[in-house]
Every structure is written in C-alpha cells, then in structure tokens.
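User: I would like to go through this structure by question and answer, with the cut-offs stated for each term.

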Amino acid sequence: MIIVSPSLLSANFLNLEKDIETFNESKAQWLHYDVMDGNFVPNLSFGPQILQQVNTITDKFIDVHIMVVNPLETIDYFDKCRIDILTFHYEAAKDLQQCHAIIDKIHSKGMKAGISLKPKTPVELLKPFLHKVDMVLIMSVEPGFGGQKFMPEMLEKCDFLHNFRVENNLNYIIQIDGGINYETGKKAVEHHCDCLVAGSYCFNNPVCFNTAVDALLSLEKED
Ligand code: DX5
Ligand code: ZN
C-alpha cells in the first residue's frame, strides 16, 4: 500500500489546528514536516517548538525532512519532539564519515533514519549508506518551496534505488517529494516509490484534502 505524507508547509498557518484535524480525519498515514534554515535552502520554515505543539494534536507517524547545513547538530534541537523518521540531506554532510555519524545518531535517539538528495546529486553516491538507512527521499523539485513543477528525470533515481534494493535484499522505503499530484504520483508509483509527499496538492486542493489523499492512496503498487 502507498504511504501518503501531506507536507505541512502548505497548510494554513492561521488555522493550523483545523488543518491538522482535517489531516487526522483523513486516511493519510504520515505527516511531512519540512525544516528549512535559510542557508541550505533559500527559505525559512519552522523548527522544534512548533513540532512539539503539533505532536500534542496528532498521533500519526511524524516524518521530518531537515534541509539545514548542520544536520548533526540540528538533530539535538528536536530532542523534546516525537519524531518517527528523520531525513537529512547527503549534501549537508561534511564527508562520508559524517554521513555515517548522522545516520547513527538518528538511530541512537530511537528514530528511523532517512537520507535525501537534491535533484542535481547523483543517486549512486548513496551506495555506501543504503544498507543502513530506513528511507531514501528523492527530491523531485529543488528543495525550498512548495508548489513547484515535478521533474520527471528524477524517476530514474527511483528505478536505481528499487533495483539496488532488490539486488541487495534491502528494504528501505523510497519516498518522493516535490510537485506530487495524482498524475505525477502515478508515475512515481510506476517507478517504485512507496511514499508520496504532497503539500499543495493536499492542503490547497480545490476539491478537498480527502479527495487528494484518497486519489494518491488509490495508486497501486505492482511490486
Ligand atoms: C520542498 C519541500 C516539500 C514541499 C512539497 O522543499 O521539501 O516537502 O512541501 O510541496 P509540493 O507538494 O507543493 O511540491
Ligand atoms: Zn519535504
């Protein structure tokens, strides 16, 4: 079954509680929480204080995506938050050794660990980490903003990750983030994605939030 992770970045912050209630009542399994530092990406979003409050009104799986220059330190800022999976960017690690250290630190705090890639970063660079991560997040837009256009070239990375997973008997989740709607989500699922992040498609859907979530959940996986 496909996992749908609506991105809170597109919520209405003047009515955040109402939007989270809508999310809670939907069939979406995860909540995607984008942390941006205005340095790794050209935008600022939210941090641990808001997540601590969000934690009090949802029991669903919390999927945090940190787009920051210092992931090793940033992990500690979230010590008081309930996070199920924490994903950092490969490009933000200083070297391969630090990349391993970040994954180990996330695991040592009892969370699952995800690793993400910007569109221009080749996916093969992740090979040394694929045996120890729980998820790989493929960015299908330049990270920083919701509402951008899906980059279909990124689907090749998903195929690589799927083949590598089968060949090496691994079971990390393949997540995709950026420009996901029913049409692009369908392509992503055809290219073996397990988890679809969708911000504007869910929170700004002209019909309603549930219509978007149900449309994405209806996408069938063949493998
Ligand atoms: C972008 C974020 C995304 C964003 C997706 O840097 O990582 O999670 O919220 O928004 P949409 O689905 O609108 O492209
Ligand atoms: Zn994200």
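Analyst: Contact means heavy atoms within 4.5 Å. Helices (H or I, at least four residues) and strands (E, at least two) are DSSP runs, numbered from the N terminus. This is a predicted model, in which local features need pLDDT of at least 70 and side-chain atom pairs count only at pLDDT 80 or more, while totals for chains, interfaces and linings use all residues. Residues are numbered from 1 along each chain as its sequence is written, chains are lettered from A and ligands numbered from 1 in the order in which they are written, and side-chain values use heavy atoms, with hydrogens and water left out.

User: Which elements do the buried residues of α5 pack against?

Analyst: Buried means under 20% relative accessible area, exposed over 50% and partly exposed in between (1.4 Å probe, protein chains only). In α5 (residues 155-167), the buried residues include L155, F160, L161 and F164. Their packing partners are β5 (112-117), β6 (135-139), β7 (173-177) and α6 (182-190).

User: What is the geometry of the site of the zinc ion (ligand 2)?

Analyst: Donors are N, O and S atoms within 2.8 Å of the metal (3.2 Å for Na, K and Ca). H32 (NE2), D34 (OD), H65 (ND1) and D177 (OD) coordinate the zinc ion at 2.0 to 2.3 Å. Six donors count as octahedral if opposite donors are over 155 degrees apart and all others between 65 and 115. With angles of 69 to 169° among its six donor atoms, the site is octahedral.

User: How many residues apart in sequence are the parts that H32 and H65 tie together?

Analyst: Both H32 and H65 are buried. H32 belongs to strand β2 (residues 30-36) and H65 to strand β3 (residues 61-67), so the parts tied together are 33 residues apart in sequence.

User: Which residue forms a salt bridge with R165?

Analyst: A salt bridge is a side-chain nitrogen of Lys or Arg within 4 Å of a carboxyl oxygen of Asp or Glu. R165 is buried, with a relative accessible area of 10%. Its partner sits in the loop between α6 and β8 (195-198), 29 residues apart from R165. With the closest N and O atoms 2.8 Å apart, the partner is D194.

User: Which residues are linked with K109 in a network of salt bridges?

Analyst: K109 is partly exposed, at 33% relative accessibility. One salt bridge of K109 is with D79, where the closest N and O atoms are 2.7 Å apart. The residues linked with K109 in the network are D76, D79 and K105.

How values were computed. Expected span 1.5 Å × (residues − 1). Tetrahedral: all angles 85-135°; square planar, octahedral: opposite > 155°, others 65-115°.
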